[in-house]
Amino acid sequence: MKPIKFGKLTIGGSKTVIIAEIADSHNGSMATAKKLVREAKKAGADVAKFQLHLVGKNEVDGKNEMIPGSIQMWDGPLYKILQRNLFTVAMHKEIKRYCEQVGIEYLCTPFCETAVDVLNNQVKVKAFKTGSGELDNLPQHRRLAKISAKGGKPVIVSTGMSTWQEVADTVRVYKEEGALKNVVLTNCTSEYPPNDYSRANLGLIPKLQREFGVWVGQSDHTMDNYTAYAAVALCAKVIEKHFTLSRKQKGPDHFIALEPHMMKELVDGIRKIEVGLGDKKIITKEEQIVRDWAFHTATTRCPVKKGEPFTLENLIERRPRTMKIRGKKVEGIPSKFLDKRYDKKLLGKKAKRNLPKDTMLTWADVV
């Protein structure tokens with residue numbers, strides 16, 4: 001798979017793209033939204049993500065509405081919440097410009113086909129992010145796929161509360177439209193929060209990548225950062241966490257969102273994990289210092305006379321591995337040469353000189 005360009009960012013490179021999901025945590029206030037953007041940037045996040053809600057016939061009109069009472073962070077029907085926290089298209093344009101000014105990528109989630117067109121044509125986003133609730137909205141995904149195929153814009157697709165077949169159906173839409181190379185799937189558990197960590201199903205990250213041949217990330221709703229860290233270790237290329245100024249605020253998302261200091265901890269932890277994911281087995285300069293005294297050497301357990309054969313009776317393995325001879329560091333014979341796999345190179349050979357007890361052997365001592 002080739003890396004995907006998203007503005008100044010790269011999805012699929014060595015650096016994980018970290019998304020601060022602001023969503024509606026601005027509470028409808030531009031001043032709050034701008035402060036959230038600044039705090040996200042300060043914490044080290046790469047992306048500030050918002051949501052475009054077209055309240056009315058396009059998305060939700062308040063009829064047949066249920067209060068999602070099982071989710072403690074909600075404080076009323078969705079329709080009223082969205083009206084109260086509404087961010088207009090003009091406000092999205094303004095906050096996008098502000099993100100560019102601050103130096104963080106703007107991202108937004110559409111919740112209907114009309115919102116897709118608004119973001120593409122009016123707000124002029126560089127990428128799209130879809131929520132899990134839109135996973136099986138194939139008409140909307142086909143609209144996104146066509147835009148992506150034409151303009152190369154990435155589409156990050158959350159896969160919470162869905163079946164494997166539903167994910168496969170959505171992926172197929174992008175494949176049919178020639179946009180699969182621009183797709184990023186995010187593993188997600190749409191619980192707020194998922195208190196049982198077994199529901200995180202982080203093993204899906206490599207499985208989704210193998211099955212569909214796309215980059216995969218983690219859209220995470222847990223109250224802490226542990227599963228996000230683990231996701232990075234499993235090669236997640238995108239991490240998304242909700243972001244707020246305070247968990248004590250009322251309204252959607254605040255309760256499970258990271259506060260600025262927590263986002264900073266997330267970013268710091270991920271960056272440390274990234275640099276620790278190398279796969280080359282080498283001896284570092286610092287390790288060599290430890291190796292010099294920690295590794296064992298073939299050593300005489302009793303005096304050995306010149307011409308006497310070396311045996312397991314007169315040799316033993318002991319530390320250190322190196323010694324100084326006439327001011328120079330010299331490596332002793334590794335203790336592995338006392339094992340049957342290598343012992344023919346040492347055992348049975350003869351001492352070149354008289355060797356006192358506790359002498360660390362070098363190959364110069366062997367005939």
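The structure is a predicted model. Glu-240 is buried, and its side chain makes a polar contact with that of Lys-129. The aromatic pairs number 5, among them one formed by Phe-50 and Tyr-106 and one formed by Phe-337 and Tyr-342.

- Strand β10, which spans residues 238-242, contains Glu-240.
- The relative accessible area of Glu-240 is 5%, and buried means under 20%, so this residue counts as buried.
- The polar contact between the side chains of Glu-240 and Lys-129 is 3.5 Å.
- Leaving aside residues up to four places away in sequence, Glu-240 touches Ile-19, Glu-21, Lys-49, Lys-129, Ser-158, Gln-218, Ser-219 and Asp-220.

**Aromatic pairs**

- The count of aromatic pairs comes to 5.
- Phe-50 and Tyr-106 are stacked, because their ring centres lie 5.9 Å apart with the planes at 20°.
- Phe-50 belongs to strand β4 (residues 47-52) and Tyr-106 to strand β5 (residues 105-110), so their pair ties together parts 56 residues apart in sequence.
- Phe-50 is buried at 0% relative accessibility, and Tyr-106 is buried at 3%.
- Phe-337 and Tyr-342 form an edge-to-face pair, with 5.7 Å from centre to centre and 65° between the planes.
- Phe-337 is buried at 9% relative accessibility, whereas Tyr-342 is partly exposed at 30%.
- Phe-50, Phe-87 and Tyr-106 are linked into a cluster by ring pairs.

**Lysines over ring faces**

- Lys-336 lies over the face of Tyr-342, 4.7 Å from the ring centre.
- Lys-207 lies over the face of Trp-164, at 5.1 Å from the ring centre.

Notes: Residues numbered from 1 in each chain as written. Predicted model: local features only at pLDDT ≥ 70, side-chain atom pairs only at ≥ 80, totals over all residues. Heavy atoms only, no water. Helix = DSSP H or I, 4+ residues; strand = E, 2+ residues; numbered from the N terminus. Buried < 20%, exposed > 50% of the residue type's maximum accessible area, 1.4 Å probe, protein only. Polar contact = N/O pair within 3.5 Å; in protein donor to acceptor, adjacent residues only side chain to side chain. Contact = heavy atoms within 4.5 Å. Phe/Tyr/Trp six-rings, centres within 6.5 Å; stacked < 30°, edge-to-face > 60°. Lys NZ or Arg CZ within 6 Å of the ring centre and 35° of its normal.
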